[in-house]
Every structure is written in C-alpha cells, then in structure tokens.
Amino acid sequence: MSLAQGFESILGPTVLEIDKAIHSVKESQNELGKEIERLIAELELFSEIAESPKLQPCLEKLVDAKKRLITTNTLMTKTNERVERIQKELLNIKK
C-alpha cells in the first residue's frame with residue numbers, strides 16, 4: 001500500500017463523516033433561522049398591536065440570535081469548503 005493510499009484510507013472516511021455532519025448542521029441552522037424569522041415577525045406584529053415594553057428585550061434577543069446564526073452559517077460554509085478541498089486533494093493523491 002502506498003503512502004497516498006494509506007492517507008486516503010485513514011482520512012477519507014473521516015472527511016466524509018465531517019462533511020455529512022456539516023451538511024446536517026447547516027440544515028438544522030437553516031431550520032432554526034426560519035423559526036427565528038417567524039418568531040421575529042410575530043413578535044414585531046404583536047408588539048405593534050400590544051405596545052408592550054416587555055416584548056422589546058425578547059425581540060432584541062431574537063435579532064441577536066439571528067445575527068449569530070448568520071455568522072455561524074458563514075463559518076460552516078467556510079469549513080465545508082475546506083472539507084471539500086481536502087476531499088479533492090485526497091482524490092488527487094489516490095490517482
């Protein structure tokens with residue numbers, strides 16, 4: 001077994017597992033983002049109707065969570081791109 005095949009046999013399954021996990025997390029993050037958007041819209045509508053000062057802190061927390069989610073999604077995308085580059089390199093080594 002060559003060194004390249006050894007690397008591929010060791011790293012290949014791990015990279016694929018990481019890639020699957022990244023895709024799963026991205027899907028969950030997208031669902032969370034949609035739910036946050038829905039809650040923000042409902043709270044904004046309710047706060048306009050109710051004029052309740054207690055809702056504003058909740059709304060601000062949700063907006064902050066949305067910003068953090070966007071940052072996390074950006075990081076996940078970059079990580080996924082790195083994993084894909086590693087996969088390509090492993091395929092090139094295998095050839």
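A residue is called buried when its relative accessible area is under 20%, the cut-off used throughout these views of a predicted model.

**View 1. Gln-29, a buried residue of helix α1.** Gln-29 is found in helix α1 and has a relative accessible area of 13%, so Gln-29 counts as buried. Leaving aside neighbours within four places in sequence, Gln-29 is in contact with Leu-69, Thr-72 and Asn-73.

**View 2. The largest nonpolar core.** This core has 7 residues, namely Ile-36, Ile-40, Leu-43, Leu-55, Leu-59, Leu-62 and Leu-69. Helices α1 (3-50) and α2 (55-94) each supply at least two residues of the core, and α2 gives the most, with 4 residues. Leu-55 touches Leu-43, Phe-46 and Ser-47, when residues up to four places away in sequence are not counted. A second, separate core of 5 residues includes Val-15, Ile-22, Met-76 and Val-83.

**View 3. The salt bridge between Lys-66 and Glu-37.** The side chains of Lys-66 and Glu-37 meet at 2.4 Å, N to O. Because Lys-66 lies in helix α2 and Glu-37 in helix α1, the pair ties together parts that are 29 residues apart in sequence. Lys-66 is partly exposed, at 28% relative accessibility, and Glu-37 is likewise partly exposed, at 36%.

**View 4. Salt bridges within single helices.** In helix α1, Arg-38 and Glu-35 lie 3 residues apart, about one turn of the helix, and their side chains form a salt bridge of 2.4 Å, N to O. Arg-68 and Asp-64 form a salt bridge of 3.2 Å, N to O, and are 4 residues apart in helix α2, about one helical turn. Salt bridges that share partners also join Glu-35, Arg-38 and Glu-42 into one network.

Conventions:
Residues numbered from 1 in each chain as written. Predicted model: local features only at pLDDT ≥ 70, side-chain atom pairs only at ≥ 80, totals over all residues. Heavy atoms only, no water. Core = buried A, V, L, I, M, F, W, Y, C linked by side-chain atoms within 4.5 Å. Buried < 20%, exposed > 50% of the residue type's maximum accessible area, 1.4 Å probe, protein only. Contact = heavy atoms within 4.5 Å. Salt bridge = Lys/Arg side-chain N within 4 Å of Asp/Glu carboxyl O.
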